[in-house]
Amino acid sequence: MAVFQCATGMDVFMFYSNTIFKAAGLRATTITGLVGVVNFVTTLVGMAALGYFGRRTLMLWGNALMALIMILSGIAQLYEWNTLMVALVLGFIGVFEITTG
């Protein structure tokens, strides 16, 4: 479990989220608020989903979704689609918190 949490790349997204959000024109307070709300809400959803789906199912689907989001964020970064990058970073954080986190 701990290996999957470390190997997902969540630390990279959290570290570079400020840079990505600032490139999209957002301020530091907005960034902190968005990430905090997404973390809080998706943690609550994750607790409910854990009881319903089970840990294994969440881990399999979550890692697949996070891999897809990483591929899409690489493409968005390549073409400098900053708004899409913000959505993908928040989506990655949400998927991580629901499934792996």
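Helices here are DSSP runs of H or I with at least four residues, strands are runs of E with at least two, and both are numbered from the N terminus. The patch consists of L65, L68, I71, L72, I75, L78, Y79, W81 and L84, and together these residues have about 890 Å² of accessible area. To belong to a patch, a residue needs over 30% relative accessible area and no salt bridge; like charges are joined within 9 Å, and nonpolar side chains (Val, Leu, Ile, Met, Phe, Trp, Tyr) within 5 Å. A salt bridge, in turn, is a side-chain nitrogen of Lys or Arg within 4 Å of a carboxyl oxygen of Asp or Glu. Areas come from the Shrake-Rupley method with a 1.4 Å probe, and for residues only the protein chains shown count as cover.

A word on what you are looking at: this is a predicted model, in which local features need pLDDT of at least 70, side-chain atom pairs count only at pLDDT 80 or more, and totals for chains, interfaces and linings use all residues. Residues are numbered from 1 along each chain as its sequence is written, and side-chain values use heavy atoms, with hydrogens and water left out.

L72 has a relative accessible area of 38%, so it counts as partly exposed (buried is under 20%, exposed over 50%, partly exposed in between, with a 1.4 Å probe and protein chains only).

Stepping back, the chain has five helices and zero strands. Of its 101 residues, 34% count as buried. The accessible surface comes to about 6300 Å², and 71% of that belongs to carbon and sulfur atoms. Among contacts (heavy atoms within 4.5 Å) between residues at least 6 apart in sequence, 78% join residues at least 24 apart.

M14 gives us a local view, from helix α2 (residues 10–23). M14 is partly exposed because its relative accessibility is 32%. Leaving aside residues up to four places away in sequence, M14 touches V35, N39 and I93. Its C-alpha atom is separated by 9.9 Å from that of F92, 78 residues apart along the chain.

Finally, turn to E97 in helix α5 (residues 82–100). E97 is buried yet has no salt bridge, and the nearest side chain of opposite charge, R55, is 9.5 Å away. Lys and Arg count as positive and Asp and Glu as negative, while His and the chain ends are not counted.
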